[in-house]
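Work through each task before turning to its solution.

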Amino acid sequence: MALPLDVCIRGDGIVGRTLALLLARERLRVGLVMPEPTPAAQPDVRAYALNQASKDLLTSVRCWPDSVSATPILRMEVADQAGGAIQFDATSLGTDALTWIVDVPVLQAQLADAVRFQPQIELLNAPVKATLTVVCEGRASRTRAEFGVDFEVAPYGQHALATRVHCEKPHAQVARQWFSKVEVLAFLPLDGASGHTVAVVWSVSPEQAKTLQAASEAEFCDALQTASHHSLGSLTLMGERAEWPLQSAQARQWTGSNDSGAWALAGDAAHNVHPLAGQGLNLGLADVAELADQLQQRDYWRSVGDPQVLRRYERARKAGMLAMARGGDSLHWLFSQQTGMWPQLRRWGMNRMNEATPLKRWLARQAMDI
Ligand SMILES: Cc1cc2nc3c(=O)[nH]c(=O)nc-3n(C[C@H](O)[C@H](O)[C@H](O)COP(=O)(O)OP(=O)(O)OC[C@H]3O[C@@H](n4cnc5c(N)ncnc54)[C@H](O)[C@@H]3O)c2cc1C
């Protein structure tokens, strides 16, 4: 490409690739920097709960997977060890699905293909100078550190262990979550309406994560069956066990400029939240939707690196992200209280909430963006 780039995106995760497609659609000249190749990595075992806004955005760039790889969720069941329980039903909330569980490697592959065939996007091995650099390198972003941006990190003291299991009984499009002491176990349905596979996310102490990693397949599945109250019958391991230390984090500054030009952060490079609320990527996609909107709506005489345009993006997204992070932190705190009256209070609160239909509907709409 002979002309200089308008935007150089560093990081080819779901957030970076989606942004590249959104900006290419606006006829901007975009470069997408891929990481240095590493020895063949295992496919990601995770599946993401994505909300309506993320679905609409990915559909708009023609990368929303089909209904086998993006399973619509009809019901959500949350149970606490203390006896509290709450359920949400798509039908009673007047919606087709509460959320969609998206197979991560399928989504990544669709985005990779779309980016490869978009002539406005240049795939790069190293960063190049551009009017605007957008950093989408994930939580351990090297560029964020190079640019001297403070990243305030608060570890949760938990690791998320993720894998996939085949279940004896069909999942029936029900997402299930169990809270027990400080642990959270989630079963996210995969393979469409008649699927028998679930993606597992088990948030446990680092010591427990080590024990579960070292356990044989049979021991691991036994522990999982017990923790899931045998709700889907016997379980068979179908993927590797991958692990992530959990943290809440936020960059102090999301936009700025330096010798390389103007810059902005998006996705996990800007913020990390607990996966218990399933919102990290939803937030990252909301970032790039907002950034693309601000760039598209800018006055014709402003460049894509205009500080006023970038500040508008930063203000809008910091507010959205803070609300979500506070909600997630409060939930995490509430479910980790195991002493005194807290377990009974929690049980009482969850059971009352389950009966209070208007309040429950409001909560579901806030949490699931429906
Ligand atoms: C166990 C678990 C479950 C989760 N479940 C959900 C969920 O249900 N719903 C949800 O919304 N979110 C969920 N999340 C959060 C979600 O994983 C992240 O928010 C999302 O992956 C962030 O995407 P990203 O593109 O910003 O960063 P990443 O996915 O980290 O991608 C960054 C990309 O940049 C590349 N890169 C890094 N450094 C460089 C460099 N120097 N140069 C070039 N490229 C570089 C990397 O190779 C990678 O491809 C979960 C997270 C975990 C840990």
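**Exercise 1.** The model shown is predicted. Describe how helix 1 and helix 3 pack, giving the angle and the distance between their axes.

*Solution.* 
Step 1. Helix 3 covers residues 104–116, and its axis lies 10 Å from that of helix 1. The angle between the two is about 35°.
Step 2. The crossing of this pair is left-handed.
Step 3. On the side of helix 1, the residues that take part are I14, R17, T18 and L21. They meet L107, Q108, L111, A112, A114 and V115 of helix 3.
Step 4. Sorted by class, the contact of helix 1 with helix 3 comprises seven nonpolar, two polar and one charged residues.

**Exercise 2.** Determine how helix 1 and helix 7 are oriented: roughly parallel or roughly antiparallel to each other?

*Solution.* 
Step 1. Helix 1 spans residues 14–25 and helix 7 spans residues 280–297. Their axes come within 9 Å and cross at roughly 25°.
Step 2. Angles under 35 degrees count as roughly parallel. Helix 1 and helix 7 are therefore roughly parallel to each other.
Step 3. The handedness of the crossing between helix 1 and helix 7 is right-handed.
Step 4. Helix 1 contributes I14, V15, T18, L19, L22 and L23 to the contact. From helix 7 come L281, G284, L285, V288, A289, L291, A292 and L295.
Step 5. The contact of helix 1 with helix 7 holds 12 nonpolar residues, two polar ones and no charged ones.

**Exercise 3.** State how many salt bridges the structure holds. Then locate the partners of the pair D150 and R252 and classify the accessibility of D150.

*Solution.* 
Step 1. Side chains of opposite charge can pair when their charged atoms come close. The structure holds 14 salt bridges.
Step 2. One of them joins the side chains of D150 and R252, with an N to O distance of 3.5 Å.
Step 3. This pair links distant parts of the chain, 102 residues apart. D150 belongs to the loop between helix 4 (142–146) and strand 10 (151–167), while R252 belongs to the loop between strand 15 (242–251) and strand 16 (255–258).

**Exercise 4.** Classify R46 and D44 as buried or partly exposed, and examine the pair D306 and R302.

*Solution.* 
Step 1. R46 and D44 form a salt bridge in which the closest N and O atoms are 2.8 Å apart.
Step 2. With a relative accessible area of 23%, R46 is partly exposed. D44 counts as buried because its relative accessibility is 19%.
Step 3. D306 forms a salt bridge with R302, and the closest N and O atoms are 3.2 Å apart. Both D306 and R302 are buried.
Step 4. Salt bridges with shared partners also join R75, E77 and D89 into one network.

**Exercise 5.** Describe the surroundings of E243.

*Solution.* 
Step 1. E243 is located in strand 15.
Step 2. The relative accessibility of E243 is 30%, so this residue counts as partly exposed.
Step 3. When neighbours within four places in sequence are left aside, E243 is in contact with H159, A160, L161, A209 and Q213.
Step 4. E243 and Q213 are 30 residues apart in sequence, and their C-alpha atoms are 8.8 Å apart in space.

Note on methods
Residues are numbered from 1 along each chain as its sequence is written. This is a predicted model: local features need pLDDT of at least 70, side-chain atom pairs count only at pLDDT 80 or more; totals for chains, interfaces and linings use all residues. Side-chain values use heavy atoms; hydrogens and water are left out. Axes are lines fitted to C-alpha atoms, for helices over the stretch in contact, and angles run from 0 to 180 degrees between N-to-C directions. Helices (H or I, at least four residues) and strands (E, at least two) are DSSP runs, numbered from the N terminus. Angles under 35 degrees count as roughly parallel, over 145 as roughly antiparallel, 65 to 115 as roughly perpendicular and the rest as oblique. A crossing is left-handed if the near helix is turned anticlockwise from the far one by less than a right angle, and right-handed if clockwise. Contact means heavy atoms within 4.5 Å. Ala, Val, Leu, Ile, Met, Phe, Trp, Tyr, Cys and Pro count as nonpolar, Asp, Glu, Lys and Arg as charged, and the others, Gly among them, as polar. A salt bridge is a side-chain nitrogen of Lys or Arg within 4 Å of a carboxyl oxygen of Asp or Glu. Buried means under 20% relative accessible area, exposed over 50%, partly exposed in between (1.4 Å probe, protein chains only).
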